[in-house]
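Dear colleague,

I am passing on the structure we spoke about, and would be glad if you could read the notes below beside it.

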Amino acid sequence: HLRAAEGAAPAERARLLALARVLDGRQLALKVSANSYYGGCGAGDRGKLPNMAVSAVVTLTGREAMDIKKRILPEHFPGVQIVYGDTDSVMLTFANAEDVATCAARAAEASELVTSHFAQLGFGNMVLEFEKVYHPYGLLEKKRYFGLKHEPRGDGTMECKGIDCKGIETERKDTLPFVKEVMRDCIDALLTTKDVRAALAV
């Protein structure tokens, strides 16, 4: 809906944006509810609804989905590397893809391939959606990364949305303010100049 809204008339754009907000709120509510239920089941005897079998099935399904992606993607994209994978997301690098547009085109193709494969296996509701390209990108460890984020416009071209950080000290509430400031300056220098010495000189 957000992509369709970009080229729409003002009234239709307003309607699509409002609908997108409603749908986003619904999916967030479902995500929070599902995560809470999963956490409660997986907490063992200490949880409100202890049921390890439920949490184990959720984890197993996510692992199976990741195994499928690891198996079929290299078959269709020689040289592809999965640099980060979680139960509901995957980050890839493609061989001989040095620019954002090429990475985006291959990522969109990969998402359609995996989604189609899920449907063939009977998982019609499982969709691997292409969301963004990070270029440059820095992965510190699982759930901790930063990068210059590019997202698709409605016309298929990519738009730079600025620096995106997940799980690192710049986003943590227990990080001292001056540490956040120094890290933000270093990351900004590193991603915009791609020069490690310039980042270290901040």
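This is a predicted model: local features need pLDDT of at least 70, side-chain atom pairs count only at pLDDT 80 or more; totals for chains, interfaces and linings use all residues.

Residues are numbered from 1 along each chain as its sequence is written, and side-chain values use heavy atoms, with hydrogens and water left out.

Helix α4 covers residues 100–120, and its 21 residues reach 30 Å from the first C-alpha to the last, close to the 30 Å expected at 1.5 Å a residue (the expected span being 1.5 Å times one less than the number of residues). Helices (H or I, at least four residues) and strands (E, at least two) are DSSP runs, numbered from the N terminus. At the start of α4, the backbone nitrogen of A101 has a side-chain oxygen of D99 within 3.3 Å, and just after the helix G122 takes a positive phi of about 100°.

The buried residues of α4 are V100, C103, A104, A107, A110, S111, V114, T115, H117 and F118, where buried means under 20% relative accessible area, exposed over 50% and partly exposed in between (1.4 Å probe, protein chains only). Seen down the helix axis, these buried residues fall within an arc of 155°, so they line one face of α4; the arc is that of the directions from the helix axis to the C-beta atoms. An α-helix has 3.6 residues a turn, so residues three or four places apart point the same way. The cover over the buried residues of α4 includes α3 (52–76), β2 (90–93), β3 (133–141), β4 and β5, while the face turned away from the buried side carries the exposed residues E112 and Q120.

A search of the whole structure finds nine salt bridges, each being a side-chain nitrogen of Lys or Arg within 4 Å of a carboxyl oxygen of Asp or Glu. One of them joins the side chains of R144 and E169 at 2.8 Å, N to O. R144 lies in strand β4 (residues 144–152) and E169 in the loop between β5 (158–166) and α5 (177–193), so the pair ties together parts that are 25 residues apart in sequence. R144 also meets E141 in a salt bridge, at 3.5 Å from N to O. R144 counts as buried at 19% relative accessibility, whereas E141 is partly exposed at 45% and E169 is partly exposed at 26%.

Another salt bridge pairs K149 with E151, whose closest N and O atoms are 3.6 Å apart; K149 is buried at 17% relative accessibility and E151 partly exposed at 23%. Salt bridges that share partners join E141, R144 and E169 into one network.

Finally, E171 is placed in the loop between β5 and α5 and is partly exposed, with a relative accessible area of 43%. Leaving aside neighbours within four places in sequence, E171 is in contact (heavy atoms within 4.5 Å) with C165 and K166. The C-alpha atoms of E171 and R184, 13 residues apart along the chain, are separated by 9.9 Å.

With kind regards

Terms used. A polar contact is a pair of N or O atoms within 3.5 Å; within protein, one must be able to donate a hydrogen and the other to accept it, and residues adjacent in sequence count only if both atoms are side-chain atoms.
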